[in-house]
Amino acid sequence: MPGANLGPIELGQFMQAHRISGEILYLSVPTPTVETAAQAVGATTEQIIKSILFTVDEQPVLAIACGTSNISRRAIADVFGVGKKRVKLASAEAVLDISGYEVGAMPPFGHHQQLATLIDKHVFDSSESYAGGGAENALVRLNPQEILRVTGAKVLDLLD
């Protein structure tokens, strides 16, 4: 149901229902940035996975990449055969409405709706990664292959 907020409890239920191997970690500090998330779990910034919502001609597209890397709007545009000006970063309100999660806490799956998903090939460089866990003080630890299995994402070079 679009509009209702989701959190770590709903994410855990989704993971259980879809037999996703991983663990939701509740942290004592908020992790609004890649750097704070990496510091909180003792990982590298490359092990932190960010899930960023874009729109392509008003259709939501989830792009997943590592750490502090920059996601290329051109790479997303090329997938859909449009000019890069038609690829826009979703607003915080749109992210919450479409996914159910706040910006900075959005997991790579378990949203209100199945999202077209693109994942950068470098996400698979590590066998243990950390993604948004549904709240600013929660992360999910998992193998990135689980994201691919659950989302059916297209793997490509998404970086600038």
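1. Start with strand S7 (residues 138-142) in this predicted model. Four of its five residues are buried, so S7 is largely enclosed by the rest of the structure.

2. S7 has partners in two strands. Strand S1 (residues 23-26) pairs with S7 in the antiparallel sense over four bridges, and Glu23 sits opposite Arg141 there. Strand S6 (residues 129-132) also pairs with S7, antiparallel and over four bridges; in that pairing, Ala131 faces Val140.

3. The hairpin has five residues between its strands, and Gly134 takes a positive phi near 95 degrees.

4. Next, strand S5 (residues 116-120), which is mostly covered, with four of its five residues buried. Strand S3 (residues 59-66) runs parallel to S5 and is joined to it by four bridges, with Leu62 standing opposite Thr117. S5 also pairs with strand S8 (residues 154-156), in the parallel sense and over three bridges. Here Leu118 has Lys154 in S8 as its bridge partner.

5. Now for the surface. Arg73, Lys84, Lys85 and Lys88 gather there in a patch of positive charge. Of these, Lys84 belongs to the loop between helix H3 (73-80) and strand S4 (87-89). Is Lys84 buried, partly exposed or exposed? Its relative accessibility is 39%, so Lys84 counts as partly exposed: the buried class lies under 20% and the exposed class over 50%.

Technical notes
Residues numbered from 1 in each chain as written. Predicted model: local features only at pLDDT ≥ 70, side-chain atom pairs only at ≥ 80, totals over all residues. Heavy atoms only, no water. Patch = residues over 30% accessible without salt bridge, like charges linked within 9 Å, V, L, I, M, F, W, Y side chains within 5 Å. Areas by Shrake-Rupley, 256 points an atom, 1.4 Å probe, with all protein chains shown as cover. Salt bridge = Lys/Arg side-chain N within 4 Å of Asp/Glu carboxyl O. Lys, Arg positive; Asp, Glu negative; His and termini not counted. Charge placed at Lys NZ, Arg CZ, Asp CG, Glu CD. Buried < 20%, exposed > 50% of the residue type's maximum accessible area, 1.4 Å probe, protein only. Pairing = 2+ DSSP bridges.
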